[in-house]
Amino acid sequence: MNNNLYQQLQNCIERGKVDKNSPYPPDMKGQDGAVELTNQALAAGLSPHDILLKSLMVGMKNVGERFGCGQAFIPDLMIAAKAMNAATAILRPFFESGVGVQKGTLIIGTVAGDLHDIGKNIVKMIMEGAGWKVIDLGTNVPTEKFMSSLQQNPQASVGLSALLTTTMVNMEKTVKEIKTKSPTTIVVIGGAPVTDNFRQRIGADAYFPSPHLLPDYLSQRS
Ligand code: B12
């Protein structure tokens with residue numbers, strides 16, 4: 001039963017079925033979409049973390065793989081992103097912290113030239129859920145914007161996201177600038193093309209393929 005719900009929700013993300021009323025894709029007209037299935041999964045007692053990891057993210061990964069081998073196209077990615085955003089909006093309150101004490105501040109953004117923000121938004125959701133204040137600079141963020149935010153929040157750590165091999169190189173410039181002007185600032189990086197080798201090469205402090213261990217890491221380091 002649970003596996004079936006995960007599977008159906010994953011399929012809605014992959015196919016870009018946002019909700020019951022959405023006319024796209026035509027062969028799923030009138031069927032429940034990502035919105036209804038996310039609510040059903042929560043009502044069935046599935047954990048928001050599991051829904052995110054076992055369903056939503058698998059669906060995004062699959063559509064990305066289909067795009068990579070020419071079986072899906074930009075509109076498919078866009079509609080999948082729309083379904084993903086609709087589902088994560090429902091999960092967001094479950095990640096919000098009830099704890100009043102702030103553990104620290106994280107400045108986060110997707111680097112210059114890069115418009116992907118789903119992963120960054122998940123990192124933000126998890127950090128806020130763990131009691132961190134997150135300053136979200138958005139997408140396509142130039143080094144100067146990271147620097148001016150850091151100037152205003154000198155105790156903050158910085159998180160950089162990149163999804164394109166062509167934009168991950170922009171992380172290097174930002175990391176170098178931060179480490180030159182503020183050597184004690186912790187800089188963490190992530191995004192599908194990023195690796196720990198790359199992290200070592202550009203001098204960032206840590207790379208996380210998934211943000212779940214990030215709150216503990218930053219709490220220990222700061
Ligand atoms: C959705 C999507 C889009 C959407 C983005 C919508 C949005 N609002 O984000 C749209 C349609 C706009 C898009 C556009 C493009 N895309 Co695109 N896209 C994707 C896709 C399918 C999914 C990305 C995603 O959201 N994944 C789900 C999230 C949850 O995963 P994630 O981002 O990796 O984040 C997780 C971790 O990496 C980590 N993480 C991420 N950031 C950070 C930061 C920190 C600090 C930490 C600790 C952790 C962390 O935590 C997250 C949660 O676990 C990927 C395929 C893929 N497999 O990645 C292609 C993909 C990234 N896109 C690709 C391409 C080529 C493009 C375009 C260039 C296409 C084009 N020809 O125009 C444009 C570029 C636009 C631009 N300038 O940015 C390629 C990149 C190839 C490459 N090697 O560079 C991919 C890999 C598809 C492919 N297989 O070819 N895309």
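Which helices are included in what covers the buried residues of α2? The cover includes α1, α3 and α4, where helices (H or I, at least four residues) and strands (E, at least two) are DSSP runs numbered from the N terminus. The buried residues of α2 are A34, V35, L37, T38 and A41. A residue is termed buried if 20 or more other C-beta atoms lie within 10 Å of its own, exposed if 12 or fewer, and partly exposed in between, with C-beta atoms placed from the backbone. The model is predicted, and local features need pLDDT of at least 70, side-chain atom pairs count only at pLDDT 80 or more, while totals for chains, interfaces and linings use all residues. Residues are numbered from 1 along each chain as its sequence is written.

The protein chain is divided into domain 1 (2-95) and domain 2 (105-221), with bounds that come from an automatic or database domain assignment. The centres of the two domains, taken over C-alpha atoms, are separated by 26 Å. Contact between them involves 6 residues of domain 1 and 7 residues of domain 2; two residues are in contact if their C-beta atoms, placed from the backbone, lie within 7 Å. On the side of domain 1 that touches domain 2, the largest share, 5 residues, comes from α4. By class, that side of domain 1 has 4 nonpolar, 1 polar and 1 charged residues. Here Ala, Val, Leu, Ile, Met, Phe, Trp, Tyr, Cys and Pro count as nonpolar, Asp, Glu, Lys and Arg as charged, and the others, Gly among them, as polar.

Helix α5 contains M125. This residue counts as buried because it has 21 C-beta neighbours inside 10 Å. Leaving aside neighbours within four places in sequence, M125 is in contact with R92 and F95. The C-alpha atoms of M125 and A89 are separated by 10.0 Å, although the two residues are 36 apart along the chain.

An open sheet is formed by 5 strands in the order β2-β1-β3-β4-β5, with parallel pairing; two strands pair if DSSP finds at least two bridges between them. Strand β1 pairs with β2 in the parallel sense over 4 bridges, and the bridge partner of I107 in β2 is I135. Of the 6 residues of β1, 5 are buried, so this strand is largely enclosed by the rest of the structure. Strands β3 and β4 likewise pair in the parallel sense, over 4 bridges. The bridge partner of V158 in β4 is V187, while L160 stands opposite I189 of β4. Both faces of β4 are covered, with V187 and I189 buried on one side and V188 and G190 buried on the other.

Helix α5 lies across β1 (105-110), β2, β3 and β4, running at about 170° to β1. Helix α6 lies across β1, β2 and β3, and also runs at about 170° to β1. Axes are lines fitted to C-alpha atoms, for helices over the stretch in contact, and angles run from 0 to 180 degrees between N-to-C directions.

A cis peptide bond, with omega about -10°, joins Y24 and P25. P25 is found in the loop between α1 (2-15) and α2 (34-43). Helix α2 is followed by G45, whose phi is positive, near 90°. N140, a residue other than glycine, also has a positive phi, near 55°. The loop between β2 (133-136) and α6 (143-152) holds N140, which counts as partly exposed because it has 17 C-beta neighbours inside 10 Å.
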